[in-house]
Amino acid sequence: MNKAVPKNENREPLVRIARRDSVSPGKKIGIRAASIVLALILDALFIVVVTGLNPLAVYAEIFKATFGTGLRFMWMLRDMAALLCIGVALAPAFKMRFWNIGAEGQVLMGGFATAMCMMFLGQKLPTPVLFLVMVIASLAAGALWSFFPAFFKANWNTNETLFTLMMNYVAIQIVAYATNILRGQASSLGTINMGSKIGWFPKLFGYDFTLNILIVAVLTAAMYVYLKYTKHGYEIAVVGESEKTARYAGIDVKKVTIRTLLLSGAICGLCGFIIVAGNKHTISTNTAGGDGFTAIIVAWLAKFNTFYMALISFLLIFLEKGAGQIASTYGLNEYISDIISGIILFCILGSEFFLNYRMIWRHREEKGGAAE
Amino acid sequence: MEDAIRLVGITKTFGQVRANRDISLTIRRGEILSLLGENGSGKTTLMNILSGIYFPDSGQVFVGGREVTIASPKDAFDLGIGMIHQHFKLVDVFTAAENIILGLPGERRGRLDMKAVEDKVRKICDRYGFDIEPDQKVYEMTVSQKQTLEIVKVLYRGADILILDEPTAVLTPQETEKLFAVMREMKKDGHAVVIITHKLHEVLSVSDRVSILRKGEYIGTVDTKDATELSLTEMMVGKKVTLDIERPAPENLVKRIEVKDLNVMGPEGVPVLKNVSFEAFGGEILGIAGISGCGQKELLEAVAGLTVPMAGSSITFFPPEKEDRPEQLVGRSPREIKEMGVHLSFVPEDRLGMGLVASMGMADNMMLKSYEKGSSFFVEKKNPREVAEKVKEELAVVTPSVSYPVRRLSGGNVQKVLVGREIAAAPAVLMTAYAVRGLDIGTSYQIYHLLNEQKKKGVAVIYVGEDLDVLIDLCDRILVLCAGQVTGIVDGRQATKEGIGLLMTKIAREDDGHRHLGHTEPGSENSTEGGAAHE
């Protein structure tokens with residue numbers, strides 16, 4: 001034996017990582033709580049060292065950004081609803097391992113269809129009919145935008161990631177073109193039906209955005225049931241896991257692919273409707289505002305479980321609002337406030353690792369060299 | 001003989017599963033050691049510990065007499081331990097040489113002397129008579145060549161302790177013989193060779209000593225010359241067993257399937273089935289023999305509706321109780337055919353790729369072929385759960401619960417789920433392909449028993465198998481396919497291995513003889529001959 005033997009030949013590695021089989025609920029809560037505590041400590045250090053502010057006061061501001069007033073809370077819910085809605089829309093596609101990253105464009109097309117209905121049909125149709133037309137138009141527009149990539153994928157196995165991504169730019173250009181035509185050189189259409197408020201969501205229970213939130217809450221629950229308890233949901237799971245298995249089970253993979261993507265795109269379109277009719281009352285290339293991409297993170301982190309998606313969208317929006325609030329209250333550089341909220345996000349997401357894996361530290365150093 | 005590796009008290013647990021319990025074992029230079037055990041007995045885990053993939057919970061490893069720590073595959077390589085895994089770890093678009101040096105530090109800084117690498121690879125190939133070229137791309141290689149490349153890879157890195165994990169599972173008998181010859185050469189060179197397997201005749205023909213594991217525990221080591229198939233099986237299973245497959249006489253034969261002039265075109269435009277004609281009866285087991293890739297899979301897929309046959313093909317199904325109203329299966333969807341009671345369970349190489357959804361539990365997998373029943377929009381989960389519980393109990397599937405992902409079950413249990421589901425559907429025709437692929441003896445016999453039970457119930461069983469001995473012992477009639485044609489249908493009770501072997505290669509031999517004549521089409525003539533053999 002003239003082999004080179006590693007120098008540390010008789011030492012167990014310092015730490016080994018092993019997968020956990022299951023975690024007790026108590027431990028889960030413990031790990032999550034520890035991650036939040038760690039985040040607060042790290043953030044406190046950062047705040048003191050970099051800004052010289054009192055960390056507790058900063059935390060209070062972050063908290064107040066969402067929970068300070070009823071109105072702020074509604075704003076948070078409104079933004080959370082928009083993000084969650086897209087996440088819900090992506091869930092069936094992602095579960096089928098169809099990487100639909102075209103939500104941004106699908107939302108935009110839904111919003112565009114809604115805005116056009118508000119502008120051109122607003123005066124002509126009675127309100128209930130107008131809303132019906134707006135919903136149908138937005139569903140159809142979103143579904144159309146996801147139909148093309150799905151159709152090509154199902155028939156010729158094209159790459160859906162590139163295809164859906166490119167469709168975003170087409171949607172953006174269409175909206176830019178339309179606003180240009182309708183409003184000269186302006187980049188936005190301005191508020192549609194400002195005076196008459198035709199096609200706007202009505203106030204419910206005293207708030208502007210109650211309807212947005214209710215629609216998304218119903219969608220979230222419905223999608224959960226759809227994925228978990230229906231035949232369609234079962235087919236989606238099988239196709240996502242293995243197309244071969246699906247084929248052997250007699251599932252029509254083409255049909256399921258197209259049907260699922262139509263649903264995904266349609267809900268994205270509906271989200272555009274909610275954003276335009278229920279919040280912004282205008283259309284611009286910025287209407288989706290990047291939520292179509294953020295929602296990919298939401299859907300992934302939640303492993304396509306729509307209720308977890310609600311929690312994650314809440315966390316993201318809560319931190320976003322908090323970062324904005326401390327930036328304005330203390331006159332902080334935006335990047336600093338983003339770092340502060342980023343540290344919290346990092347720790348909370350990082351705790352997932354410790355939920356799935358455990359560390360085994362070296363425990364038998366005393367045995368060194370005991371070769372019989 | 002010098003000890004290459006000594007393991008003392010190795011224990012490794014995964015969650016609640018104790019894969020290895022206090023195992024002590026010696027591997028010597030200049031010998032071939034077989035590591036024998038049923039599925040899930042901990043063979044692979046133990047060898048993965050040696051190759052640095054797992055780290056033991058406790059126990060010591062001595063290499064060449066010194067205690068060592070193997071914390072990574074690199075440590076294992078540095079100690080001269082090379083493992084050839086069951087699933088190849090190769091980059092398809094790279095050449096053989098590129099795969100071999102992947103991850104190795106360069107000889108001289110910043111320069112890669114590909115020519116020197118290729119020369120060294122060639123030298124190794126010449127030494128052992130390997131038929132791979134260093135500049136050949138992996139995607140152009142056959143399965144056996146890929147395996148050879150894996151062996152060259154570890155030899156190139158200077159390994160003198162070789163571990164082969166079920167190397168013969170993917171090889172033809174001829175390729176297996178070649179591999180064994182190579183192993184004997186290595187032994188002559190003073191290398192230590194470990195082969196993990198559960199094929200007893202291989203153990204007996206190639207190894208010097210056999211170490212047996214059972215349920216994670218070390219049972220013992222015997223010299224191969226003192227061992228017999230029966231003695232090894234008893235050590236492996238832990239109780240007396242009989243290695244006879246029962247074959248009840250077929251009763252009440254009823255014609256269930258009649259295939260006539262079946263032609264199927266492959267994806268490359270080459271016919272994969274030519275004028276195949278045969279009948280299958282309820283109450284018998286019809287075996288299908290042939291070298292792999294001779295149309296077995298396409299034949300079953302055509303009957304199951306997964307492949308569209310060419311015009312003129314006919315597959316007639318005679319439903320139970322309604323034999324006078326036969327149904328034509330060609331042109332029906334897979335779902336319709338399944339609902340008529342014609343079921344297919346195909347066990348692919350990777351076991352999970354077709355037929356099972358890896359991340360789902362047994363219960364959800366049970367409904368894979370029945371979930372669409374009923375008009376409700378929602379799936380019905382109670383019945384599949386009951387079926388799963390029944391299959392679990394009757395086939396002794398080892399799983400914590402019926403909702404435990406099947407991905408985490410051992411290979412044998414996965415196959416039981418696969419076959420159990422088809423049987424639970426109470427089919428009229430049950431087609432199984434490679435039902436015992438990679439299974440240990442105990443489980444294999446259980447599956448033969450299940451198939452016999454089906455036969456006694458009057459089911460027409462079609463069994464595609466690889467092991468000729470089993471086909472001859474189990475089947476009532478054996479249909480032999482060669483290059484997509486039926487070269488004979490023989491009586492299982494009178495067939496010999498040699499006779500079937502000749503039919504399996506008939507067309508290749510005739511082709512050799514007729515090559516200069518150009519297009520000779522022996523198809524039709526051969527299938528009539530096959531039919532005649534049956535009468």
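Predicted model: local features only at pLDDT ≥ 70, side-chain atom pairs only at ≥ 80, totals over all residues.
Reader: How many helices and strands does chain A have, and what share of its residues count as buried?
Author: Helices (H or I, at least four residues) and strands (E, at least two) are DSSP runs, numbered from the N terminus, and in chain A there are 13 helices and two strands. The C-alpha atoms of this chain fill a box of roughly 95 × 65 × 40 Å along the principal axes. Buried means under 20% relative accessible area, exposed over 50% and partly exposed in between, with a 1.4 Å probe and protein chains only; of the 372 residues of chain A, the share that counts as buried is 48%.

Reader: Is Val175(A) buried or exposed?
Author: Val175(A) is part of helix H6 of chain A, residues 160-183. Contact means heavy atoms within 4.5 Å, and, apart from neighbours within four places in sequence, Val175(A) is in contact with Leu108(A), Phe112(A), Ile283(A), Ser284(A) and Thr285(A). Although Val175(A) and Ser284(A) are 109 residues apart in sequence, their C-alpha atoms are 6.6 Å apart. Since its relative accessibility is 0%, Val175(A) counts as buried.

Reader: In which helix is Thr220(A), and which residues does Thr220(A) contact?
Author: The helix that holds Thr220(A) is H7 of chain A, residues 210-229. With a relative accessibility of 4%, Thr220(A) counts as buried. Beyond neighbours within four places in sequence, its contacts are Leu84(A), Val88(A), Thr306(A) and Phe307(A).

Reader: Which residue of S2(A) is the bridge partner of Ala18(A)?
Author: Strand S1 of chain A, residues 15-19, has Arg16(A) and Ala18(A) on its covered face, and Val15(A), Ile17(A) and Arg19(A) on its uncovered one. In a regular strand the side chains alternate between the two faces of the sheet. Two strands pair if DSSP finds at least two bridges between them, and five bridges join S1(A) to strand S2 of chain A, residues 357-361, in an antiparallel arrangement. The partner of Ala18(A) in S2(A) is Arg358(A).

Reader: Which are the edge strands of the open sheet of four strands in chain B?
Author: This open sheet has the order S12-S11-S14-S15, with antiparallel pairing. Within the sheet, four bridges join S11(B), residues 254-265, to S14(B), residues 314-317, and the bridge partner of Ile257(B) in S14(B) is Phe317(B).

Reader: Which residues does Ala460(B) contact?
Author: Ala460(B) lies in strand S18 of chain B, residues 460-464, and counts as buried at 1% relative accessibility. Leaving aside neighbours within four places in sequence, the residues in contact with Ala460(B) are Arg256(B), Phe281(B), Gly282(B), Gly283(B), Glu284(B), Ala428(B), Val429(B) and Leu430(B).

Reader: Which residues lie nearest the centre of the largest cavity?
Author: On a 1 Å grid over the protein atoms alone, a cavity is a set of points where a 1.4 Å probe fits but cannot get out, and lining residues have an atom within 4 Å of a point. A search of the whole structure finds three cavities of 30 Å³ or more, and the largest has a volume of about 110 Å³, a volume being the space filled by probe spheres set on the points, which are joined across faces, edges and corners. Helix H10 (334-340) and strand S16 (342-346) of chain B each supply at least two residues of its lining. Of the 13 lining residues, those nearest the centre are Tyr248(A), Ala304(B), Pro334(B), Lys338(B) and Lys369(B).

Reader: Which strand gives the largest share of the lining of the second largest cavity?
Author: The second largest cavity holds about 90 Å³ of space. Eleven residues line this cavity, and the closest to its centre are Pro56(B), Val61(B), Val68(B), Thr69(B) and Ile70(B). Strand S4 (58-63) and strand S5 (66-68) of chain B each give two or more residues to the lining, and the largest share, three residues, comes from S4(B).

Conventions: Residues numbered from 1 in each chain as written. Chains lettered and ligands numbered in written order. Heavy atoms only, no water. 1 Å grid on protein atoms, 1.4 Å probe; cavity = no way out; pocket = protein on both sides within 12 Å on 5 of 7 lines; lining within 4 Å.
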